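Okay, thanks for making time, everyone.

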Amino acid sequence: MSTKAYGAYAADKPLEPIAIERRPVGAHDVAIAIAYCGVCHSDLHQVRGEWNGTLYPCVPGHEIVGHVTAVGDQVSKFSVGDVVGVGCMVDSCQSCASCDEGLEQYCEKGFIGTYNGATNDAPGHTMGGYAQAIVVKDDFVLKVSHAPEQLAAVAPLLCAGITTWSPLRHWNVGPGKTVGIVGIGGLGHMGVKLAHALGAHVVAFTTSEAKRQDALDLGADAVVVSRNADEMAAYADKFDFILNTVAASHDLDAFTALLKRDGTMTLVGVPEHGHPAPNVAALIFRRRAIAGSLIGGIAETQEMLDFCAEKGITAEIEMIAAQDIDAAYARMQKSDVKYRFVIDNATLTD
Ligand code: NAP
Ligand code: ZN
């Protein structure tokens with residue numbers, strides 16, 4: 001099936017219309033007409049070659065929502081017309097210890113990414129959600145139960161939502177815990193919403209003075225402009241957990257100093273250039289930890305989607321046409337996104 005898509009032929013080329021081929025629907029496949037696709041900073045890192053190993057042409061997009069248009073004859077969980085989502089993974093070995101525990105993102109053989117992953121389908125690597133349609137193995141398709149009019153704002157939950165939900169849950173964020181969310185972009189604004197909904201005391205850290213009121217409106221109990229040393233000092237030794245979503249290299253010590261004894265700061269941002277090495281004394285004298293976390297498993301993604309549907313949680317979005325993706329990337333690089341761009345995939349037909 002030929003599908004209209006948007007992608008780039010090289011790191012220094014703008015995104016442009018590309019016709020791609022989707023495989024025929026196999027026995028365990030679900031074919032999806034994509035309604036909306038969120039724009040993650042990972043899309044920008046990948047398509048611009050900021051991470052090693054980008055395969056071109058590159059069609060990004062891993063915050064996919066749409067409607068089922070066909071299912072294979074072995075598919076029992078989905079029917080034509082269902083509202084569904086696809087996140088960052090479209091396959092994994094499904095037999096290693098991690099997959100057995102529902103942690104496909106840590107598949108020991110390596111999960112297959114929604115784009116830039118190995119596949120037998122032409123041209124040999126996966127192509128993502130900046131496209132009219134996609135064909136995905138049923139085990140990697142999620143059910144969406146939000147109201148129909150919320151669908152565009154649900155798309156970012158498939159990456160920004162789960163990437164913040166998974167560490168918040170793993171590190172037991174909830175009532176009685178003081179939690180910091182660093183970087184109020186696509187991931188960070190979901191981190192604030194989810195940590196608040198889980199009942200924690202939430203402090204948002206931003207470099208953008210202009211996001212101060214927004215962060216409170218998103219559910220933060222307090223906001224710190226992290227460039228202001230006095231504001232930072234007031235929070236020394238206060239946090240049980242800090243989730244750091246910053247997409248650029250920065251000084252981690254400024255944040256580890258804010259952790260209590262035994263506190264953890266988990267990094268989810270994957271900047272092009274590494275962070276300066278952390279101060280060891282700041283870690284050992286309080287038994288503080290710096291950790292990392294990768295997206296989330298399929299079962300916990302479904303858990304997060306259901307939690308958000310029940311609580312009425314969606315992302316704050318700016319809808320764009322496919323033709324505006326490069327302009328959106330330029331704004332994302334300036335931390336000027338409120339708070340996630342979402343592509344209206346109907347514009348791919350123009
Ligand atoms: P985003 O929307 O661009 O948000 C990143 C935020 O980081 C910005 O809004 C800004 O917030 C802050 N920031 C940017 N540059 C900064 C700098 N030089 N110093 C301090 N703060 C800075 O990006 P995103 O889509 O949320 O993605 C964030 C990162 O997570 C990216 O690196 C992405 O690749 C990565 N990611 C990782 C996973 C995973 O599984 N681990 C999944 C998805 C994405 P303020 O304006 O509030 O300061
Ligand atoms: Zn993402």
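So, strand β8 gives the most to the lining of the second largest pocket, four residues. It's a predicted model, by the way: local features need pLDDT of at least 70, side-chain atom pairs count only at pLDDT 80 or more, and totals for chains, interfaces and linings use all residues. Residues are numbered from 1 along each chain as its sequence is written, chains are lettered from A and ligands numbered from 1 in the order in which they are written, and side-chain values use heavy atoms, with hydrogens and water left out.

Back to that pocket. It holds about 340 Å³ of space. Of its 19 lining residues, the closest to the centre are Arg23, Val90, Thr119, Asp121 and Thr126. β6 (89–91) and β8 (133–137) each supply at least two lining residues; strands here are DSSP runs of E, at least two residues, and helices are runs of H or I, at least four, numbered from the N terminus. By class the lining has nine nonpolar, four polar and six charged residues. Nonpolar means Ala, Val, Leu, Ile, Met, Phe, Trp, Tyr, Cys and Pro, charged means Asp, Glu, Lys and Arg, and the others, Gly among them, are polar.

A word on how that's worked out: on a 1 Å grid over the protein atoms alone, a pocket is an open set of points with protein on both sides within 12 Å along at least five of seven lines, a cavity is a set where a 1.4 Å probe fits but cannot get out, and lining residues have an atom within 4 Å of a point. Points are joined across faces, edges and corners, and the volume is the space filled by probe spheres set on them.

And cavities? How many of 30 Å³ or more does the search of the whole structure find? One. There's about 70 Å³ of space in the largest cavity, and its lining has eight nonpolar, three polar and no charged residues. Among the residues around it are Met89, Phe140, Leu142 and Thr301.

Now the zinc ion, ligand 2. Its protein donors are Cys40 (SG), His62 (NE2) and Cys159 (SG), at 2.0 to 2.2 Å. Donors are N, O and S atoms within 2.8 Å of the metal (3.2 Å for Na, K and Ca), and water is not among the atoms, so sites may look incomplete. Along the chain the spacing reads C-x21-H-x96-C. His62 sits in the loop between α1 (41–47) and β4 (64–71), and Cys159 in the loop between α3 (151–154) and α4, 97 residues apart. His62 and Cys159 are both buried, meaning under 20% relative accessible area, with exposed being over 50% and partly exposed in between (1.4 Å probe, protein chains only).

Most residues other than glycine have a negative phi, and most peptide bonds are trans. Ala122 and Pro123 are joined by a cis bond, omega about 5°, and Pro123 is in the loop between β7 (112–113) and β8. Lys338 to Tyr339 is cis as well, with omega near -15°. Then there's Gln94, not a glycine, with a positive phi of about 60°. Gln94 is in the loop between β6 and α2 (97–100) and is partly exposed, at 32% relative accessible area. Asp262 has a positive phi too, near 70°, but that residue lies in strand β14 (residues 259–267).
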